[in-house]
There are 2 protein chains.
Amino acid sequence: MKTLRILAVDDHEMTMLGYKFILERIVFDDHNIIVDTANTYEGGKQKIEESLHSFKYDIIFLDVQLFPPNEEQPNNGEDLGILARKLVPESKIIFMSSFSDNYRINSILKSVDPDGYMVKTDIDPKSLEQAVKTVTTQPPYYSSKALGAIRKKMSNDITLDENDKKILYHLSIGTKTKDLEKHIELSSSSIENRKRHLKSLFGTEKENDLALILAAKNRGFI
Amino acid sequence: MKTLRILAVDDHEMTMLGYKFILERIVFDDHNIIVDTANTYEGGKQKIEESLHSFKYDIIFLDVQLFPPNEEQPNNGEDLGILARKLVPESKIIFMSSFSDNYRINSILKSVDPDGYMVKTDIDPKSLEQAVKTVTTQPPYYSSKALGAIRKKMSNDITLDENDKKILYHLSIGTKTKDLEKHIELSSSSIENRKRHLKSLFGTEKENDLALILAAKNRGFI
DNA sequence: AGGTAAACCCCAGTTTTTTTAAGGTAAAAC
DNA sequence: GTTTTACCTTAAAAAAACTGGGGTTTACCT
């Protein structure tokens with residue numbers, strides 16, 4: 001009887017209890033599943049560091065958003081993922097996130113390259129079980145909505161560089177064109193040029209910014 | 001009792017019989033599964049065209065390689081996929097292929113954006129069943145090895161243009177540098193520059209071409 | 001070992017693309 | 001009704017990519 005150790009980090013106490021309840025009831029070969037939990041960045045970090053000197057977690061579930069969006073917290077789930085990768089590279093990391101937007105998914109897939117990514121609305125006992133099993137045998141596991149987003153990106157032949165992506169992202173969250181230069185290392189006319197270029201790429205010439213971000217969203221870039 | 005109609009196209013008669021045998025035995029809600037088969041591009045095309053006037057196929061399984069690699073055939077599974085998309089856009093298309101190399105996977109994901117992609121070594125009764133169910137309810141379905149390839153691509157931030165990809169691809173199939181100009185619309189010195197640039201991108205400066213294509217393979221580009 | 005072809009490297013000139021600044025117009029916001 | 005913002009044009013500067021011409025090194029063949 002092997003023991004499969006899981007750490008789940010989510011800021012909502014209740015949902016985490018749900019995960020723990022479901023995960024520990026998974027029947028998986030001759031494995032005994034034990035779930036630890038934490039509900040802050042610091043708490044998760046501590047659990048991982050403690051584990052270094054004893055057992056190590058086989059799977060770490062991480063909520064991307066460890067704090068309410070309005071609170072300006074320095075560290076989120078993504079940072080904890082990066083830290084975990086460094087401390088315990090052999091642990092499988094599965095991200096959970098409520099948004100299925102491509103910008104964040106892409107950012108996470110690049111920065112930590114997790115062994116799994118689940119959009120929260122896809123999470124249920126069945127998918128959690130599937131995730132645990134897939135990730136331990138042949139990662140990665142991506143939940144249905146995540147796969148949909150990934151599919152959009154893969155079926156796309158438009159390639160954008162970092163500046164283009166930043167422009168799209170900032171526009172999508174409501175940043176005004178005139179304020180873009182504060183976030184992107186380019187002159188205002190360059191940004192305008194790129195915006196024009198982007199609109200032609202996405203077939204929204206002579207339309208407004210909303211049409212552009214809508215098109216970019218449809219194609220899976222935001 | 002609904003009827004789920006499946007068309008499977010593969011040039012190996014025997015493997016196709018296997019698919020038919022397994023697919024028709026899948027228990028899926030109150031569905032009755034019927035599998036038609038074809039073993040050539042022409043045969044598949046004909047079946048699809050016939051279906052236009054009666055029922056339509058719910059799922060079409062397509063072997064990417066419909067002919068032995070040495071035979072110079074004009075049409076392969078990819079072409080049949082493009083045709084099928086045009087004739088019956090509502091049919092789900094699942095590609096099967098023996099190679100898991102990214103170059104081909106990417107090409108197919110872009111040209112037809114199939115609802116499923118299965119690497120042949122991943123195919124077994126269980127995965128076939130999973131593919132049928134996933135594709136009918138919430139596509140896409142990608143088999144384990146395909147997901148591995150997709151993961152590699154998603155997790156890296158190197159963006160290459162068409163010429164770079166062509167150079168990598170041709171180098172990987174053994175094309176000599178001096179012959180590259182026949183396949184790519186660039187001068188020989190441009191190709192050399194790009195090769196140098198590629199080697200620096202992949203961290204294989206001052207190494208030979210083998211190191212470059214190995215690195216590119218590892219990162220999921222070939 | 002000698003000879004040859006391919007791979008590789010470097011440079012200088014050219015073309016192409018990107019960036020930048022400056023100035024103007026039309027629409028929207030206040 | 002004035003100010004702000006978005007958008008466009010132009011021209012010049014800078015950066016990046018391409019090209020043709022050198023050359024040297026490496027690999028392979030007999």
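**Reading the DNA and chain contacts**

Mentor: In this predicted model, 15 residues surround DNA strand D, the closest being A:Lys178, A:Lys195, B:Ser187, B:Ser189 and B:Ser190. A residue is near a strand if one of its heavy atoms lies within 4 Å of it. Local features need pLDDT of at least 70, side-chain atom pairs count only at pLDDT 80 or more, and totals for chains, interfaces and linings use all residues; side-chain values use heavy atoms, without hydrogens and water. Residues are numbered from 1 along each chain as its sequence is written, with chains lettered from A and ligands numbered from 1 in written order.

Trainee: Which atoms of A:Lys195 and of DNA strand D are 2.5 Å apart?

Mentor: A polar contact within protein is a pair of N or O atoms within 3.5 Å, one able to donate a hydrogen and the other to accept it; residues adjacent in sequence count only if both atoms are side-chain atoms. Here, an N or O atom in the side chain of A:Lys195 is 2.5 Å from a phosphate oxygen of DNA strand D.

Trainee: How many salt bridges does the rule find across the interface of chain B and chain A?

Mentor: A salt bridge is a side-chain nitrogen of Lys or Arg within 4 Å of a carboxyl oxygen of Asp or Glu. The rule finds four across this interface. One of them joins A:Asp115 to B:Arg151, with the closest N and O atoms 3.1 Å apart.
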